[in-house]
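Please look through the structure below slowly, with its sequence beside it, before reading on.

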Amino acid sequence: MILRKLIPVCAVALAASSTQVLAENTLRWTSQGDALTLDPHSQNEGPTIATNGMMYESLVTRDADLVLQPELAVSWEPMDGNIWRFKLREGVKYHGGEDFTAEDVAFSFERAKHESSDYKEQVKSVVEVKIIDDHTIDLVTDEVNPILPNQLTSLYMMDKGWAEANNVVNPQDFAGKEETFAVRNSNGTGPFKLVSRAPDELTVMEKNSEWWGDGQFPGNVDRIEYRPIGNAATRVAALLSNEVDFVLDPPLQDLKRIDAADGLKTDTVAQIRTIFFGMDQGVEELRTSDVKGKNPFADVKVREAMNLAIDRKAIQRVVMEGLSFPAGMITSPGVLGNNETQDAEIPLDVEKAKSLMAEAGYPDGFSVQLDCPNNRYNNDEKICQAAVAMLAKIGVKVSLEAIPKAQHFPKIQKRISDFYMLGWGVPTLDSHYVFSYLLDAEGSWNATGYSNDTVNSITKGIASETDLDKRADMINDAWTEVRKDMPYIPIHHQVIAWGMSDKVDAPMSADDALRPRFVTIK
Amino acid sequence: MLSYIFRRLAQSVLVMAAVSLISFSLFNFVGDPVNNMVGQEATREDRVRIRQDLGLDDPIFTQYVRFMGNALNGDFGLSYRIKRPVSTLIKERLPATLELVFVSAVIALVVGIAAGVYTGIRRNGWLSKTILSTSLVGVSLPTFIIGIALIYLFAVTLRWLPSSGRAGVVELGWWKTSFLTVDGWRSIILPAITLSLFQLTMILRLVRAEMLEVMQADYIKFARARGLSERAINFVHALKNTLVPVITIIGLNIGGLIAFSVITETVFQWPGTGLMFIQAVDFADVPIMAAYLCFVALIFVIVNLIVDLLYVFIDPRIRLGGQ
């Protein structure tokens, strides 16, 4: 009797539980490359930062429009004497149940400054973290640092106790012998908790119902399943066959196909990344040129002629299928310092370029090698091929060497390239990042040998100038110098494309990061 | 006999050493891993320090000796890319590759022999001609194209099978198997067919050629004269004699299947050692590349050794010649 009564009850319960499973909003997504590690301070790399940012949180974050927003800090303000004061969010717990306190902030900064951390450059200006009380900290910088909050958006906070208990007080060392606990385990304060992690196969996260921001964000994702698919055609096939709901990096040539499929859509947005060529003007004699005893790139007329010879609109139309924005400067809209005057496209003018070449003493041009990656940027090799044809029109005979990124970038690092392609993104959204790496004479990625005293001193000046209007003027002055000197040949700002199911609504961001707290699934 | 085995073993060790040295010296051309290992903000001093820590600036031969020294102690180092021990990674990824290779070998054998016998007997039938001409696809189209075509047909258009990945695995100790669930079988079918096509075509053509030859042999004529059934002649007398070269080829090609699986695994995102190798090449992840190449060389050497030893047992002439 009892049994007979129980059966329908059980059946109802079973049905209820199964509909509950169905009602759960799962976001199944894919992209080319998996996060390299779940250790938040070990690798400063786009996909790693984006994946860890779903589980870990920083003091300050950016929303989909890249505007600074409070995350683990609720407010921050500059104080006298090189200090930024941060008020921490109260009542925040780690996934493992530990309380988030000022101790953890101090610990995370220490961890990020460790020699084996890949974030030590970002936080090098922070010399001390002073704990004022459990939920207030002072960050003391070496000198006044007006853009410190911008530099902290991917500096994730780890629990001190958890790190000590699991022997991961320091990030993994490259020369180490064993895998550390933090490589495949995660304990953040963020909106999603790690369920399982098989690197390069499947990473599953589920909603953290204890999250401080629960209910404050539009997202309704309960579960995230991430499956990296390296091959571009397979990745698109997975979307077309409805096995994933979202592709972060569909190849540009497949966008029409995705749009044409039932129930799928694409979205594009300008990326914070500019593609350009660098010319080594600092070296005595180019290594790959037929001009001996002098360096043609040392003459600004040659550099201007090279700039005038590039048909940026044709590259946009033919090579990029419209998916790029021709550039006049080497940093994108959205970065402080980019404006319409500075970024005005350098017009195509072959005649003027030819006469400039003649004035500079190269009426018949010269030869040089262009180093180009073939697996790093959208259509990188094709852009270089187009440039070779365009430069031939003014007599510059370019031989193209297109090679994988693992071989290309060391050439720039070792300063052994005469003429090279490079792309640059700006995580801080401030021109200082561009000047200090690409335009300052000492910049670690400035392989052009370019050195302009005004630019060098402004690079130093804007690092500590707190009058924001004055600082903006200084930045503009520096860009004016750069536009005059033309150490680089700007090509275009890249465009990001996402492909997804009609059921998914994900706000696009110029930093190419998926922010699931804003993602809704119908 | 024992000296023969020892001689072959010594030769194998030499082959391994040569293969590892050659592959190691090629790593110079793959590029500099350090750029992939640190963010763009890293200073040049830091890059230099990491290169020194990893010994990347040492002469290739020094690096090779260090690698072999560690490898002989079972230490293949840590992957530069995902910072996990290489030996663990290979152990984790090997079951996926071996199961894929196993299923493809079975497909290649069963279908290849059946179709080979059929086309050998019914030389002029329309089905034979169709099989023979379509089998050209297997040798003429690159694996990459075949894989993508199968994905678009069976996953995107018909939606019968998943496009990629390895779903439905069950853990048996450290071995993860696809064989115990429906999902597991569904995801292994397309990559296994893709990987098998080349070998299948080869076996088919080999069996057919052998069948044609054997059918002309005297003992088949005598068998007919004895009044044996066609069935007994085809499958007992003829097929048995065609199989000797087929088995030799299969043995040698198991290594080939493992090596070819690199492309198939990349297309289908099959989480085996081949996919791991491609990712390592992209990143210039030297520890994984070195260990993988040694591993593949080892498999080739072992398979060849076994085949050679089997010959000794099968064919006494080799044994006698050795003495």
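**Two helices in chain B**

In chain B, Leu89(B), Ile90(B), Arg93(B), Leu94(B) and Thr97(B) of helix 5 meet Thr273(B), Gly274(B) and Met276(B) of helix 11, where two residues are in contact if their C-beta atoms, placed from the backbone, lie within 7 Å. By class, this contact of helix 5 with helix 11 of chain B has four nonpolar, three polar and one charged residues; Ala, Val, Leu, Ile, Met, Phe, Trp, Tyr, Cys and Pro count as nonpolar, Asp, Glu, Lys and Arg as charged, and the others, Gly among them, as polar. Helices (H or I, at least four residues) and strands (E, at least two) are DSSP runs, numbered from the N terminus.

This is a predicted model, in which local features need pLDDT of at least 70 and side-chain atom pairs count only at pLDDT 80 or more, while totals for chains, interfaces and linings use all residues. Residues are numbered from 1 along each chain as its sequence is written, and chains are lettered from A and ligands numbered from 1 in the order in which they are written.

Turning to chain A, 43 residues of chain B are in contact with 37 residues of chain A. The side of chain B that touches chain A draws two or more residues from each of several elements, including helix 3 (44-54), helix 10 (230-268) and helix 11 of chain B, and the residues of that side divide into 22 nonpolar, twelve polar and nine charged.

The secondary structure of chain A itself comes to 15 helices and 19 strands. Strand 1 (residues 26-30) of chain A runs parallel to strand 10 (residues 223-226) of chain A, joined by four bridges, and strands pair if DSSP finds at least two bridges between them. Here Leu27(A) stands opposite Ile224(A). Strand 1 of chain A also pairs in the parallel sense with strand 11 (residues 246-247) of chain A, over two bridges, and there Trp29(A) stands opposite Phe246(A).

Is helix 6 of chain A enclosed or open? Seven of the nine residues of helix 6 (residues 232-240) of chain A are buried, so this helix is largely enclosed by the rest of the structure; a residue is buried if 20 or more other C-beta atoms, placed from the backbone, lie within 10 Å of its own, exposed if 12 or fewer, and partly exposed in between. Among the buried residues of helix 6 are Val236(A) and Leu239(A), and just after this helix Asn242(A) takes a positive phi of about 65°.
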